[in-house]
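These are my notes from one sitting with the structure. I went through it element by element and wrote down what I looked up.

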Amino acid sequence: MKFTDGYWHVRDGVHPLYPAEVHDVTADGDSLTVYAPTAHIGHRGDTLNRPMLTVRAESPMPDVIGITVSHFAGLTPRGPRFDIATVDAPVTVSAEDATLTSGRLSVRFRERWRMEFLADGEVLTASERKAMAAIGTDDGAHYIREQLRLGVGTTVYGLGERFGALVKNGQSVDIWNADGGTSSEQAYKNVPFYLTNSGYGVFVDHPGLVSFEVGSEAVSRVQFSAQGHELRYFVIYGPTPKEILRKYTALTGRPALPPAWSFGLWLTTSFTTSYDEDTVMSFVDGMAERELPLSVFHFDTFWMREFHWCDFEWDPRTFPDPHGMLKRLKERGLRVSLWINPYIAQRSALFAEGAAAGYLVRTVSGDVWQTDRWQAGMGLVDFTNPDACAWYAGKLRVLLEMGVDCFKSDFGERIPTEVVWHDGSDPERMHNYYTHLYNRTVFELLREYRGDGEAVLFARSATAGGQQYPVHWGGDCESTFESMAESLRGGLSLAMSGFGYWSHDIGGFEGRPDPAVFKRWIPFGLLSSHSRLHGNHTYRVPWEFDQEAVDVLRAFTRLKARLMPYLFGAAVTAHREGVPVMRPMVAEFPEDPACAYLDRQYMLGDRLLVAPVMSASGRVSYYVPAGRWTHLLTGDVVEGPRWVTQTCGFDTVPVLVRPGTALPLGARDDRPDYAYHDGVTLQLYEPIEGEVRVDVPSLDGAVAASFVVVREGDAIRVRRTGAAAPWRVEVAGRAVGVPDDVDEAELSVA
């Protein structure tokens, strides 16, 4: 929300109160409280009829400082609230110097109002004169606003899955979940967190509407505001983007590790297409006949009867024998996913059941809240009611017992504010947070029923903390190259918001993609953490397009399977450290200014650079950072830093291996879940002097085998520890096979 009229004036009807000076400071050992009147106090009379802001500094963990700005502190707190982790953090507090220090980060208050955040003695950012404010308006609303200085050359990222420019400078962003597709300023996944290339990130601890003006109202400041009389935010010191993400996810929750099978190819019925068991089996048979590895089959909405969503009952007209069908799919080695949403249509028998038990959200007058938007007369499950959560989960448990493996937890964005929640939550604060409760309910059921490491969703909506319940996909995109690009921007923005895994609809969702669009989208889809073929009105099996599409899908599905020792290792890192599998170039190369704005390429893990081709002609331009990078698919070497323009056939895409990489490739290309260490090939690219370590994971995320590569001049030694199995090492096209009872190999780079 904008409050000013240019630099000098405020808008009509807006009445800001700014802290003017530090009048009093108290310290209690682990926090610092500053009392700041809104005008200079020259004598006692100046204290009368004078508002004051209270600013409290504390630290939940090292290198993180929380700031709470209060105008009136006596209001009754209302939920929901984000779950914030705390770690014992040695804190140094000085009331005399008005400074609090946690780890390498400090906050310091100046007498004439200025609040500075410093790391290693250098100012990262600051709240300066007329930045922090309590604001009243003529219509009776109250806001807390903060503005943090935006340094020269500082670029801002994150704020959820946003489909516009990756760099948020110059944008106005409202943190408010909406079902807006991928081609507008709206977003399914809104996260009140941003990070910068200047060593710090900021998380606003408010689950409702937070408005960000990123250099768009005050061009040298990032502004954020929320309604109310109190607002808390955290400044997180990195100094690198990856380190900021590690600390932010330590604060709000690390992603669970999805099962290895979920990294394989998902095929769906599509949305409104006509399908029954014969259709499903024809797709499964067609994939097998064409030697296209398939891991998961997904049934979209019409597995249930129309007007019944959700009653969690198979449509008997199209699926008369669901138990037998699921058994037949399992015999083909497939996992099964079902579409669900958190709405209960009036036609469903569950509507009356849920309404009678008090499991559906109510209006202020006590009626069940209902709408005809989406499903006729539908209500909304109240996930603030523990009994409603158990009721909803119980319906899903029946499906798991039937043989279903996971759920696509769709929707969760269309949440009304004119309602009453079971636990008394504030409706504005619950709008974004609802999806967190929804996805948590489903994910925890899966984890309870299937066990740790076997739970996975395909979720659309989220907010801060939602990264704990993977996987998320990019929502409804069009079947165009432009939408392919906006989908990538959304995924990279989400990665910079703490989400470790992400997917998108290969070929696009809306409309039938041109064969060129479909074939160009396939490598992008398979070189993402998760990969799904899904559409709206048309099927996405590749033979619907042409034979070349079949060949392209086969090649890249099999390539991903061979890359799984590397990709699952990156997934384990996302789970343990919060560093995403897919990430913008700036996250990996923050010191390279050319990487700051790149949003048509990305790093897949820390060793592979991917530049999707987004043109029918195959022409693609991408930036290569410093060093000798090798094309994974062709073996060509390109020396950076430089821009490269090339033309690619449908059977290839720029995938460059970073110099100094020891890339583990698996021995199987027909499935994503296998013993990665058994028959692994360690490919060495531009080996560097010194030591490189590579851990090959097992399917539970533990280390199955470790390899240490040591180069001394032209000689290379590779040592293995861990489970015994045959392995190979390759460099410059030369291979050395090593039997399973030998733990060391030597070769030459000469």
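I call a residue buried under 20% relative accessible area, exposed over 50%, and partly exposed in between, with a 1.4 Å probe and protein chains only. Helices (H or I, at least four residues) and strands (E, at least two) are DSSP runs, numbered from the N terminus. The model is predicted, so I note that local features need pLDDT of at least 70, side-chain atom pairs count only at pLDDT 80 or more, and totals for chains, interfaces and linings use all residues. Residues are numbered from 1 along each chain as its sequence is written, and side-chain values use heavy atoms, with hydrogens and water left out.

**Entry 1: strand β13**

I started with β13, residues 133-137, where five of the five residues are buried. Ala133, Ile135 and Thr137 point one way from the strand, while Ala134 and Gly136 point the other way. In a regular strand the side chains alternate between the two faces of the sheet.

I then looked up the partners of β13, counting two strands as paired if DSSP finds at least two bridges between them. β3 (residues 14-17) pairs with β13 in the antiparallel sense over four bridges, and leucine 17 stands opposite alanine 134 there. β14 (residues 142-149) also runs antiparallel to β13, joined by four bridges. In β14, alanine 134 has isoleucine 144 as its bridge partner. β13 and β14 make a hairpin with four residues between them; in the turn, glycine 140 has a positive phi of about 90 degrees.

**Entry 2: another hairpin**

β11 (residues 114-119) and β12 (residues 122-127) are antiparallel, with five bridges. I found phenylalanine 117 opposite threonine 125 in β12. Two residues lie between the strands of this hairpin, and aspartate 120 in the turn has a positive phi of about 50 degrees.

**Entry 3: the parallel sheet and its helices**

Which order do the six strands of the open parallel sheet take? I read β28-β24-β23-β22-β33-β32. The edge strands are β28 (406-409) and β32 (505-506), each pairing on one side only. β24 (residues 335-340) runs parallel to β28 with four bridges, and leucine 338 has phenylalanine 407 in β28 as its bridge partner.

For directions, axes are lines fitted to C-alpha atoms, for helices over the stretch in contact, and angles run from 0 to 180 degrees between N-to-C directions. α3 touches β23 and β24, and its direction makes about 135 degrees with that of β24. α6 (residues 427-450) touches β24 and β28, and its direction makes about 175 degrees with that of β28.

**Entry 4: histidine 431**

Histidine 431 is found in α6. Is histidine 431 buried or exposed? I have it as buried, with a relative accessible area of 4%. Its side chain reaches the backbone oxygen of asparagine 177 at 2.8 Å. Not counting residues up to four places away in sequence, histidine 431 touches Trp176, Asn177, Glu413, Ile415 and Thr417.

**Entry 5: helix α2**

α2 (residues 277-289) has 13 residues and reaches 18 Å from its first C-alpha to its last. That is close to the 18 Å expected at 1.5 Å a residue, the expected span being 1.5 Å times one less than the number of residues. Aspartate 276 caps the N-terminal end of α2, with a side-chain oxygen 3.1 Å from the backbone nitrogen of aspartate 278. After α2 comes glutamate 291, whose phi is positive, near 55 degrees.

I listed the buried residues of α2, among them Val280, Met281, Phe283 and Val284. What covers the buried residues includes β22 (265-268), β23 (296-299), α3 (322-331) and α9 (547-577).

**Entry 6: cysteines**

How many disulfides does the structure hold? I count zero, a disulfide being a pair of cysteine sulfur atoms within 2.5 Å. For cysteine 477, the nearest cysteine sulfur is that of cysteine 406, 20 Å away. Cysteine 477 is buried, with a relative accessible area of 1%. For cysteine 648, the nearest is the sulfur of cysteine 595, 19 Å away. Cysteine 648 also counts as buried, at 5% relative accessibility.

Note on methods:
Contact = heavy atoms within 4.5 Å. Polar contact = N/O pair within 3.5 Å; in protein donor to acceptor, adjacent residues only side chain to side chain.
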